Amino acid sequence: LARTGRVAAVVVTEGIARTPQGVGALQEVLRRGGQDDIPVIRGASPNPMWPEQLGPDLQIWRANAERLNHLLEAPFPATDPPTADIAEALRPKLAACRRISVLVIGPWTSFLRYAADVLERVDRIVAQGRPYPDELTGQPEGFNCRYDLDSCFAAFDLLIGRQQRADRQVRAAWVDIPNALEPCRTAEPGVDASGRQLYAFRPVPQWIDALAQGKHMAPVIAAMLRAHPEGWEKTSLWDDLAALYLLRPDVFATRGGHQEPCVSAATIRDMLTAALTADLPHWAAIR
């Protein structure tokens, strides 16, 4: 999305990464990709009761994320103090925006700090994952919800209410990888016949090689993926798909209450490459 020239700001919320380390890591990615003019704001952290319930794997994921998949020898924490008022920090960044799209690829903690300030100008919200009625258990199961369950429920309740407004409704879409045996059109299934998770929508060596031969942000992403291949063995393009939905909603379809890709994983990876290497700073650059 950085290549579109329309990213007004990024708010880093505590989740996989802590906020100072997450801000520092993202700023380094943007610097290496020539996009360091994009403001990065240090967001909020949740009530500690929620992260403490996620188990020891969180620390492994965190160490990997804060070092950009081992591309950095050590975390690169930002030195700025915590943002006392996220809405106030965002106001000057959004002052020229008549309409705002919000992409949520982390917990909902920060969103609730600035939502009231921006919702009148928000025309759509795209979130990674799926609304909890789509979950088999009927409860939020995705990491972004479980990391701060209070904010997740509050945000979902807020967005449901906004759909009832007669004057200013907000389009809200959840985006996830295929997670069933019968995916949409040419997309690969998310599970096999025994219910075992498949990872068709993941980085693969051929894609990493193609990124390395590209320009702008592409070789930066390739370097991260090459630095520690074990770091993405059991992962998928979850957040990447949510971002791509803002650019190419035409290759997704509604599955229950969320959106899933209807094209193959190889096609998705090609589209991401086009977005990362685009020369023109507008939406048409990756069409």
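This is a predicted model: local features need pLDDT of at least 70, side-chain atom pairs count only at pLDDT 80 or more; totals for chains, interfaces and linings use all residues.

Residues are numbered from 1 along each chain as its sequence is written, and side-chain values use heavy atoms, with hydrogens and water left out.

## Disulfides

The structure has two disulfides. A disulfide here is a pair of cysteine sulfur atoms within 2.5 Å. With the bonded cysteines of the protein chain numbered in sequence order, the pairing reads 1-2, 3-4.

| Pair | S to S | Angle about the S-S bond | Hand |
|---|---|---|---|
| Cys145 and Cys152 | 2.0 Å | 50° | right-handed |
| Cys184 and Cys262 | 1.8 Å | 90° | right-handed |

Cys184 and Cys262 are both buried. Buried means under 20% relative accessible area, exposed over 50%, and partly exposed in between (1.4 Å probe, protein chains only). What does the link of Cys184 and Cys262 tie together? Cys184 lies in the loop between strand S5 (171-175) and helix H7 (205-212), while Cys262 lies in the loop between strand S7 (258-261) and helix H10 (265-277), so the pair joins parts that are 78 residues apart in sequence. Helices (H or I, at least four residues) and strands (E, at least two) are DSSP runs, numbered from the N terminus.

Cys145 sits in helix H5 (residues 143-146). Its relative accessibility is 8%, so Cys145 counts as buried. Leaving aside residues up to four places away in sequence, Cys145 touches Trp108, Pro140, Cys152 and Phe156. Contact means heavy atoms within 4.5 Å. Trp50 is 95 residues from Cys145 along the chain, and their C-alpha atoms are separated by 9.6 Å.

Is Cys97 buried, exposed or partly exposed? Cys97 has 23% relative accessibility and therefore counts as partly exposed.

## Helix H9

Helix H9 spans residues 238-247. Seven of its ten residues are buried, so H9 is largely enclosed by the rest of the structure. The buried residues are Leu241, Ala242, Ala243, Leu244, Tyr245, Leu246 and Leu247. Which elements cover them? The cover includes strand S3 (100-104), strand S4 (122-128), S5, strand S6 (252-255), S7 and H10.
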